[in-house]
Amino acid sequence: MAGRVLGKALVTVSLSVALASVSVRSLGCRSIPAYRNSFSSCWFHLNPIIMSDSNGAKGKSHYKARTSPYPGSKVERSQVPNEKVDWLVEWQEYNPVEYTAVSVLAGPTWADPQIRNPAGRTGLVGRGLLGRWGPNHAADPIITRWKRDSSGNKITNPVSGKNILQFVAIKRKDCGEWAIPGGMVEPGEKISATLKREFGEEALNSLQKSNAEKRKIEEQLHQLFSQEHLVIYKGYVDDPRNTDNAWMETEAVNYHDETGEIMDNLTLEAGDDAGKVKWVDISDKLKLYASHSQFIKLVAEKRDAHWSEDSDPGCPGL
């Protein structure tokens with residue numbers, strides 16, 4: 001769930017886990033102490049992460065990971081200009097604010113080393129609201145269906161001529177932004193289990209249901225989550241909780257209800273970390289939490305659905 005103290009990393013080791021262990025103040029491009037192997041801090045340059053800022057400008061400079069105040073606090077990050085995000089850019093004066101939430105300090109001490117954010121500087125060191133040093137892994141289920149009229153016919157956008165796709169969105173309680181109903185991977189949990197559990201908890205309020213209701217929901221979700229699906233994205237997420245030493249990585253997976261029959265039998269009900277839940281039309285007008293708009297755009301492209309009324313929808317930016 002979105003607000004839960006973070007669990008064990010994915011079984012599949014991400015590239016970022018292989019990053020070297022470094023001091024949070026260590027800057028520049030030089031050899032650094034290794035975590036199991038020897039690397040150079042130049043390694044980050046070999047794996048650029050392309051993100052888009054709030055204005056759609058594309059580049060290696062993550063945007064939401066540099067916003068202030070830090071979520072759930074009044075802490076202001078040190079300002080990091082776009083041209084100094086990359087660790088390879090010398091910046092001897094860099095003096096980031098240090099912050100780890102009291103709730104995180106009260107939790108277990110994870111064994112991960114203090115490694116550096118692969119996307120660059122964020123203006124803040126420590127773990128913030130994140131439980132682990134390094135990557136904190138999540139899973140985002142993107143549940144979609146075609147928008148239909150009262151007769152059951154697919155509705156197309158009059159300009160693009162493409163069918164309109166809808167997805168289940170939740171309104172997060174912590175920040176009030178609309179988002180994909182995802183959450184953190186539990187210790188020892190498979191991604192497929194996380195995707196199904198989080199959707200049930202946040203979009204169907206399964207935690208508050210009776211045992212009989214839970215069994216019925218489980219049967220319906222099994223029908224949806226056992227069908228063919230699309231892995232939309234794996235990797236770093238431009239998240240406002242990210243710091244120089246702790247960051248979010250996710251696996252976004254699209255489960256599509258082609259006929260709409262499965263989801264018609266499920267009643268959406270906000271639960272757990274969700275304040276509201278509803279079907280949302282997919283288009284370039286969406287403003288969603290973290291990198292979720294970019295994941296949704298990729299789904300629209302994969303499903304050949306409407307996204308933009310512009311003649312050239314451009315690149316997904318990831």
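A residue counts as buried when its relative accessible area is under 20%. The exercises below apply to a predicted model.

**Exercise 1.** Determine whether Tyr94 and Trp87 are buried or exposed, and classify the geometry of their ring pair.

*Solution.* Step 1: Tyr94 has a relative accessibility of 6% and is therefore buried. Step 2: Trp87, with a relative accessible area of 2%, is likewise buried. Step 3: the ring centres of Trp87 and Tyr94 lie 6.4 Å apart, with 75° between the planes. Planes over 60 degrees apart count as edge-to-face, and the pair of Trp87 and Tyr94 is edge-to-face. Step 4: ring pairs also bring in Trp91, giving a cluster of Trp87, Trp91 and Tyr94. The whole structure holds 6 aromatic pairs.

**Exercise 2.** Describe the largest nonpolar core and identify which element gives the most to this core.

*Solution.* Step 1: the core has 34 residues, and those touching the most other members are Ile142, Phe167, Ile282, Phe295 and Ile296. Step 2: two or more residues come from each of β7 (134–146), β8 (165–172), β11 (230–236), β12 (246–256) and α6 (292–302). Step 3: α6 gives the most, with 5 residues. Step 4: beyond its neighbours within four places in sequence, Phe167 has contacts that include Ile142, Ala179, Ile282, Leu288 and Ile296. A second, separate core has 22 residues, among them Leu221 and Tyr255.

**Exercise 3.** Identify the rings over which the charged ends of Arg172 and Lys278 sit.

*Solution.* Step 1: for Arg172, the ring is that of Tyr289, with the charged end 3.9 Å from its centre. Step 2: for Lys278, the ring belongs to Trp178, at 4.7 Å from the ring centre.

Note on methods:
Residues numbered from 1 in each chain as written. Predicted model: local features only at pLDDT ≥ 70, side-chain atom pairs only at ≥ 80, totals over all residues. Heavy atoms only, no water. Core = buried A, V, L, I, M, F, W, Y, C linked by side-chain atoms within 4.5 Å. Buried < 20%, exposed > 50% of the residue type's maximum accessible area, 1.4 Å probe, protein only. Helix = DSSP H or I, 4+ residues; strand = E, 2+ residues; numbered from the N terminus. Contact = heavy atoms within 4.5 Å. Phe/Tyr/Trp six-rings, centres within 6.5 Å; stacked < 30°, edge-to-face > 60°. Lys NZ or Arg CZ within 6 Å of the ring centre and 35° of its normal.
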